[in-house]
Amino acid sequence: MIAWVGMNDMDKLVSLAKRRGFVFPGSDIYGGLANSWDYGPLGTELKRNIMDAWWKRFVTRRDDMVGIDAAIIMNPKVWEASGHLDAFTDPLVECKKCHTRFRADQIDVAKACAHCGAKDGFTEPKNFNLMFKTFLGSTEDATATAYLRGELAQAMFVDFKLVGDTMRKRVPFGIAQQGKCFRNEITPGNFIFRTREFNLMEFEYFVHPDEWQKHFEYWLQEMKDWLDFCGVKKENLVFHEIEDGERAHYSARTVDIEYHYPFGQKELYGLAYRGDYDLKKHIEASGEDLSYTDPVTNQKYVPHVVEPTFGIDRTLLIVMLEAYHEEEAPTAEEGESATRVVMRFPKELAPYKAAVLPLSKKPELSGPARELAARLRMKRAVDYDETQSIGKRYRRQDEIGTPFCVTFDFESLDDKAVTVRDRDTMKQERVKIDDLETYLATQLGF
Ligand code: GAP
């Protein structure tokens with residue numbers, strides 16, 4: 001029997017994430033900091049694997065894409081030109097009784113306050129800027145004011161010419177980036193879904209103005225294929241075409257990719273056609289010529305942009321939600337079964353690819369088993385565990401989604417073979433130690 005994480009099971013996932021070292025509450029020993037989270041050792045591996053898989057797929061393996069890693073604090077003129085200082089706002093209202101603040105577009109202001117229950121009403125909406133302010137150097141005044149980036153995109157526009165020229169790229173081509181962004185969200189929450197510092201991966205794909213529709217369709221399909229690779233079921237996704245009037249004024253088409261989270265249908269990723277809005281704004285504000293001359297036709301134009309954007313934390317969240325399974329599985333006791341929790345991560349994303357488990361802690365087994373783990377680790381992340389019964393160790397590896405458990409037993413000393421257990425089928429196979437590396441490579445597909 002298989003049970004998916006249902007609408008009410010976020011608590012289960014948050015609990016597993018903490019118990020197994022994926023995600024911890026931030027600043028925990030000081031009572032935490034609201035809506036701040038730390039990735040633990042396994043969450044860090046999972047996040048890196050997501051980021052690496054994305055980078056390989058969209059940057060390294062492509063001829064038309066290059067990456068950058070820009071500064072988080074940019075010249076404030078960037079944010080002025082991009083419109084962030086004026087328009088990167090959410091409408092904020094405040095309960096007249098308890099003064100709790102809400103996003104006006106997320107509550108019904110005719111109803112009681114969700115925090116204190118009072119029906120005293122809310123203040124008129126006012127725009128609240130989401131950019132995080134800081135000061136450069138020792139003077140804390142307007143001349144020293146700077147901002148932590150609210151998105152990655154602006155660096156790709158600002159560096160467009162430098163990247164295009166140094167890498168001799170011809171339109172169409174893209175500039176990709178991964179990294180932290182900061183937004184002073186009014187209502188963060190739902191675990192790592194909405195936080196004030198978060199991880200983003202996105203690219204700006206520069207195209208000829210007449211060809212944006214074709215590229216838009218192409219990237220929409222690429223985003224679907226990426227989600228398939230992440231193990232996301234199609235029925236959990238909604239491709240929401242943003243209507244006229246709802247889109248940014250410069251965008252002729254935007255698709256929000258939404259997901260059925262246990263807490264409701266909400267945004268996961270976005271795909272936006274941004275026209276030449278950003279490059280033109282930076283041309284006006286900086287005085288630099290950011291246009292492109294086609295070397296074949298000699299046509300000079302400001303490229304248009306298609307922007308696929310992927311929240312990393314939201315990717316990790318849905319990868320965990322999709323991977324989570326509970327099922328009845330036989331125990332070591334004859335005829336008995338128990339509920340096993342298994343994270344069926346796509347193998348490329350799993351924090352560990354294999355775990356080496358000696359049947360006993362005795363040095364004659366633990367010695368060669370440790371050596372085997374060390375050898376396998378040269379190629380991929382491998383856990384080693386010699387504590388508790390083998391059944392409990394299997395359950396732990398299931399809960400952290402390790403695709404293969406490699407059991408080293410007393411027979412291994414004679415037959416130079418180990419038992420390999422498959423996470424998903426729980427089938428066991430005897431494999432020669434000399435063949436193990438090839439076996440894993442074949443089974444994992446990498
Ligand atoms: N450059 C375009 C851009 O930044 P966005 O829709 O504002 O677009 C991109 O953000 C993605 O970043 C979202 O689709 C979502 O995955 C993620 N994201 C946005 N705000 C977030 C937050 N407060 N916490 C976690 N992820 C967030």
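**Note on a predicted protein–ligand model**

1. Start with the ligand's surroundings. By class, the shell around the ligand holds 6 nonpolar, 4 polar and 9 charged residues. Here Ala, Val, Leu, Ile, Met, Phe, Trp, Tyr, Cys and Pro count as nonpolar, Asp, Glu, Lys and Arg as charged, and the others, Gly among them, as polar. In total, 19 residues surround the ligand; a residue is near a molecule if one of its heavy atoms lies within 4 Å of it. The closest are Glu151, Arg183, Glu185, Glu267 and Leu268.

2. A word on the basis. This is a predicted model, in which local features need pLDDT of at least 70 and side-chain atom pairs count only at pLDDT 80 or more, while totals for chains, interfaces and linings use all residues. Residues are numbered from 1 along each chain as its sequence is written, and side-chain values use heavy atoms, with hydrogens and water left out.

3. The protein chain has 13 helices and 24 strands. These are DSSP runs, numbered from the N terminus: helices are H or I with at least four residues, strands E with at least two. The C-alpha atoms fill a box of roughly 75 × 65 × 50 Å, taken along the principal axes. Of the 446 residues in the chain, 50% are buried. Buried means under 20% relative accessible area, exposed over 50%, and partly exposed in between (1.4 Å probe, protein chains only).

4. The largest share, 5 residues, comes from β14.

5. An N or O atom in the side chain of Glu267 is 2.5 Å from an oxygen atom of the ligand. A backbone N or O atom of Phe193 lies 3.4 Å from a ligand nitrogen atom. For Leu268, a backbone N or O atom lies 2.6 Å from a ligand oxygen atom. Taken alone, the ligand exposes 560 Å², and the protein buries 89% of that. Accessible areas come from the Shrake-Rupley method with a 1.4 Å probe.

6. Strand β14 also holds Tyr273. Tyr273 is buried, with a relative accessible area of 6%.

7. Now the rings. The count comes to 32 aromatic pairs. Rings of Phe, Tyr and Trp (its six-membered ring) pair if their centres lie within 6.5 Å; planes under 30 degrees apart count as stacked, over 60 as edge-to-face and the rest as tilted. Phe203 and Trp219 are edge-to-face, 4.7 Å centre to centre with 65° between the planes. Phe203 lies in β11 and Trp219 in helix α7 (residues 212-229), so the pair ties together parts 16 residues apart in sequence. Both are buried. They belong to one aromatic cluster, whose members also include Trp54, Tyr205 and Phe310.

8. Two charges sit over rings. The rule asks for NZ of Lys or CZ of Arg within 6 Å of the ring centre and within 35 degrees of the ring normal. The charged end of Arg314 sits over the ring of Phe193, 3.8 Å from its centre. Arg421 lies over the face of Tyr394, at 4.4 Å from the ring centre.

9. Tyr394 is also one of the buried residues of helix α11 (residues 390-399). Gly401 follows α11, and its phi is positive, near 80°.

Methods
A polar contact is a pair of N or O atoms within 3.5 Å; within protein, one must be able to donate a hydrogen and the other to accept it, and residues adjacent in sequence count only if both atoms are side-chain atoms.
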